[in-house]
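Here's a quick walk through this protein, from the whole fold down to a single residue. Have the sequence and the 3D view open as you read.

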Amino acid sequence: KKSLAIKDALGNRPGMASSYHQLGMVAQYRGSLDAAEDWYKKSLTINEALGNSPDIASTYHQLGIVAELRGMLDTAEDWYKKSLAIEEALGNLPGMAGSYHHLGIVAQRRDMLDTAEDWYKKCLAISEALGDRPGMASSYHQLGMVAQRRGMLDAAEGWYKKSLVINDSLGNSADIASSYGQLGLLAEERGNPPQALQWTIRSLTLFEEFGHPATRPALQNLFRLTQAHGEAMLAEAWHVVTGDDVPDALITAIREAKDKET
């Protein structure tokens with residue numbers, strides 16, 4: 001906002017558009033989607049008037065993410081495709097990869113698995129060509145989710161582990177947690193609750209505090225698995241992974257969750 005005030009006073013319209021866009025990102029990360037959309041549209045108005053195609057494409061993409069977060073998949077798809085058309089015309093490979101990835105997510109959420117796989121593989125081809133290892137890891141993970149949804153559990157495991165190798169080397173804890181969580185769900189689908197608990201615990205213990213945003217799905221799965229299979233199995237799995245006893249705070253949280261469900 002301090003930057004915006006100066007740019008506004010100078011009449012620096014490209015600079016104003018950039019500040020509006022960044023303010024939209026801040027609002028989006030806070031979950032304030034109405035505010036994010038307003039900031040993005042202010043940015044878009046200026047960039048469309050200036051004919052600034054790269055920044056128009058970027059804002060279209062962000063508006064797609066806002067719509068996706070709202071569950072408005074048709075709207076999200078429209079924004080992503082508008083962004084993609086510009087990125088393809090510009091030959092912007094990273095921008096194209098981003099659009100392909102999110103179009104894959106939209107298709108996956110619609111359970112259009114063949115379409116999702118096609119988009120993810122297009123994204124992966126660019127990431128591999130550019131040597132974009134975080135992008136490759138993300139595509140591998142999503143391809144694992146598609147395979148898992150199809151019941152192809154061995155293929156899914158292969159994709160998750162390819163993603164995990166990269167994220168381990170990058171120290172990307174949030175994405176490591178996600179892969180561990182999915183491997184836990186795979187073990188559960190295979191009828192192996194102890195292994196499912198071990199993967200879920202690996203996810204949960206990557207961060208110091210329980211309920212870290214990156215591990216909330218793992219925490220929910222831990223509660224569910226413990227309610228289904230008992231605290232004794234949890235205690236054994238926790239000791240295998242950490243060498244310690246289950247923290248009292250976690251046992252209390254599990255029991256409180258069970259009481260609330262009851």
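This is a predicted model: local features need pLDDT of at least 70, side-chain atom pairs count only at pLDDT 80 or more; totals for chains, interfaces and linings use all residues.

## The whole fold

Going along the sequence, the pattern reads α-α-α-α-α-α-α-α-α-α-α-α-α-α.

As for dimensions, the C-alpha trace spans about 65 × 40 × 35 Å along its principal axes. Of the 262 residues in the protein, 45% are buried. The accessible surface is about 13,300 Å², and carbon and sulfur atoms account for 51% of that. If you take the contacts between residues at least 6 apart in sequence, 50% of them join residues at least 24 apart.

## Two helices side by side

Now zoom in on helix H8 (residues 133-149) and helix H10 (residues 173-189), which pack at an angle of about 15° with their axes 11 Å apart. That angle makes H8 roughly parallel to H10, since anything under 35 degrees counts as such. The crossing of the two, H8 and H10, is left-handed.

Who does the touching? On the H8 side, it's His141, Met145 and Gln148. H10 brings Ser178, Ser179, Gln182, Leu185, Leu186 and Glu189 to the contact. Sorted by type, the residues where H8 meets H10 are three nonpolar, five polar and one charged.

## A look at Thr226

Thr226 sits in helix H12 (residues 216-229). Is Thr226 buried or exposed? Its relative accessibility is 4%, so Thr226 counts as buried, the cut-off being under 20%.

Setting aside neighbours within four places in sequence, Thr226 is in contact with Leu197, Glu231, Leu234 and Ile254.

Definitions and conventions: Residues are numbered from 1 along each chain as its sequence is written. Side-chain values use heavy atoms; hydrogens and water are left out. Axes are lines fitted to C-alpha atoms, for helices over the stretch in contact, and angles run from 0 to 180 degrees between N-to-C directions. Helices (H or I, at least four residues) and strands (E, at least two) are DSSP runs, numbered from the N terminus. Angles under 35 degrees count as roughly parallel, over 145 as roughly antiparallel, 65 to 115 as roughly perpendicular and the rest as oblique. A crossing is left-handed if the near helix is turned anticlockwise from the far one by less than a right angle, and right-handed if clockwise. Contact means heavy atoms within 4.5 Å. Ala, Val, Leu, Ile, Met, Phe, Trp, Tyr, Cys and Pro count as nonpolar, Asp, Glu, Lys and Arg as charged, and the others, Gly among them, as polar. Buried means under 20% relative accessible area, exposed over 50%, partly exposed in between (1.4 Å probe, protein chains only). Accessible areas come from the Shrake-Rupley method with a 1.4 Å probe; for residues, only the protein chains shown count as cover.
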